[in-house]
Amino acid sequence: MQAIILAAGMGRRLGDYTKDNTKCMLSVNGERLIDRVLGQLTKLDLTRVLIVVGYKGQNVIDHIGNRYEGSLKIEFTTNPIYDKTNNIYSLSLVKEQMMEDDMLLIESDLIVDDGMFDLVINDPYPNLALVAKYETWMDGTMVRIDEENNIINFIPKAAFKYSDIDHYYKTVNIYKFSKEFVHDHYVPFLDAYLKTLGTNEYYESVLRVMTLLNVAEVKAKPVGGLPWYEIDDVQDKDIAETVFAKEEDKLEKYMKRYGGYWRFDHFLDFCYLVNPYFPPQKMRDELCANFERLLTEYPSGMFVNSLLAGKNFGIKQDYVVVGNGAAELIKGLMECCEGKIGVVYPTFEEYPHRKKPEDIVPYVVENKNLSYSADDLKTFFTGKDIRTLLLVNPDNPSGNFIPASDVLMLAAWCGERAVRLIVDESFVDFSEDWESSSLLDNKILEAYPNLVVIKSISKSYGVPGLRLGILAGSDGTLIDFIKKDVSIWNINSFAEFYMQISDKYFKSYKEACAQFQQVRSTFYGQLCHIPFLRVIPSQANYFLCEVTDRYTSHDLAEQLLSRFNILIKDCDTKNGLKGRNMVRIAVKSVSDNNILIEALKQL
């Protein structure tokens, strides 16, 4: 068998990366694509490797040199009109060699798992196309296959329909063809296609015509969960460097993204925290039904959005500010807080990150379960020079919860000392008595003008992609400042529409909260049976766990990611938890929770 690598393209979409080099010379995690694939091919029993070069082709020839002498016989063919043709013409330049032996056909902008070549070589069928079930990142030629993996149609870009994506597979752009198939079918059709439609086409278009005429004889070989990526632009490069990072680097590369994990196949995110049981399908359908109009219409300003938020939470419009997620409001709020701020550690660090270290008076919780009460806070901060006190309730990552009555006593204590109390209740709806635990109430806000309440709608209501949060309080000066601090259109039309319709689904929300508590209880029991975890009880949608044996917290997070594509939070980087070997694990759906539990059992 021989291999043919098509490497003539210019790769314009990669910008500066291909300004002076062709795509196959692109470096991913310190290794050039051409070196990676040639290294993989050295493990196969190949008679030769043909590389078709074009743009900056001499760079490829010089780079390869004789480095593979003794392991691969490498020959080069040059496409002199690479800037006027497409890969169908590059392939036609080696059509005579194609007919001399069975072949692998490989595009040079791929990065694939080593197992891909074993998959295609070891399959006895002579003519195969490696394919992957359609994912949102995929572009280019799709195929449809039958129950016996026969390719029944090649779908070019122009014929792509989103209504059919459940039936689509993406070609990985690695093919295996027998020399008989190439000689008797593919090359004759290739010649006819070139004469009829010209050289600025794709070689897969030939396969499409052959399939329509029922002479293709090509089967699909699904790659399952084997990772691969096609690199066409700078974002593709970034994603590929994350997917194919070394095990010791992969966790850091994922964590620095702060989300966007829908880009990655078969990925389970137990790090970021959302309600797994809301919104209901009917609400999703209503959002989808209004997609086109919301996409093309401007959202309202703060006047309307604060009215909507007030309606949803039963508080006055003048008391509430709507933010592009709670994070936008936290930024503005921290800028308002003069003097020193009391912070409980460990906690959600978006707040203290907005202050200078010398302006923070830390209370580090050191007991085994990281528990503390309102009385503990009063005792510690008595006599401390603070102007603001921060309470995340339930706290993140500990899940510690202080009842509303005790929080109000703390608010009164703060008021007597001219201390502003910030209560972040983003996770309060996950607590057992959530309906009576929120401080979003006009009478409460009016009785405690020093009280500011923050709530992330993203977390409680399962819509982090909409970026919604609110800040509430009766301090008119503060509320006016925050409203002026955010931009005039700080949330989009989808988020605004969500607030407009959300009160219709309050019954579903109550049911979702009740279901969640049942699932959390079951998940707690499952985690407690993992011998190397000590699970801290929680009133939130996550558990803080001490890793007591076998692994460090970092090792456990690394193993889950590299072996099972599961992301959890290694808390060793958080203030107050350094060296305590803690991880935070989100509570998700029953099926996802069970996948994690099985992975932990294997570890």
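Modeller: Let's start with Tyr162, which is exposed at a relative accessible area of 61%; exposed stands for over 50%, buried for under 20% and partly exposed for what lies in between, using a 1.4 Å probe and protein chains only. Tyr134 and Phe160, in contrast, are both buried.

A word on the ground rules: this is a predicted model, in which local features need pLDDT of at least 70, side-chain atom pairs count only at pLDDT 80 or more, and totals for chains, interfaces and linings use all residues. Residues are numbered from 1 along each chain as its sequence is written, and side-chain values use heavy atoms, with hydrogens and water left out.

Now to the rings. The whole structure holds 34 aromatic pairs, a pair being two rings of Phe, Tyr or Trp (its six-membered ring) with centres within 6.5 Å; planes under 30 degrees apart make it stacked, over 60 edge-to-face, and the rest tilted. Tyr134 and Phe160 make a tilted pair, because their planes stand at 50 degrees, with 5.7 Å between the ring centres. Tyr134 sits in the loop between strand E8 (128–133) and strand E9 (142–145), and Phe160 in the loop between E10 and E11, so this contact ties together parts 26 residues apart in sequence. Strands here are DSSP runs of E with at least two residues, helices are runs of H or I with at least four, and both are numbered from the N terminus. Phe160 also pairs with Tyr162, this time edge-to-face, at 4.8 Å centre to centre and 80 degrees between the planes. Phe160 is thus a partner of buried Tyr134 and of exposed Tyr162.

Some rings have a charge over them (NZ of Lys or CZ of Arg within 6 Å of the ring centre and within 35 degrees of the ring normal). The charged end of Lys384 is placed in this way over Phe380, 4.3 Å from the ring centre. Arg584 does likewise over the face of Tyr542, at 6.0 Å from the centre of that ring.

Finally, cysteines: the count of disulfides (cysteine sulfur atoms within 2.5 Å) is zero. Cys271 has its nearest cysteine sulfur, that of Cys571, 8.3 Å away, and Cys271 counts as buried because its relative accessibility is 2%. For Cys336, the nearest is the sulfur of Cys337, at 6.6 Å.
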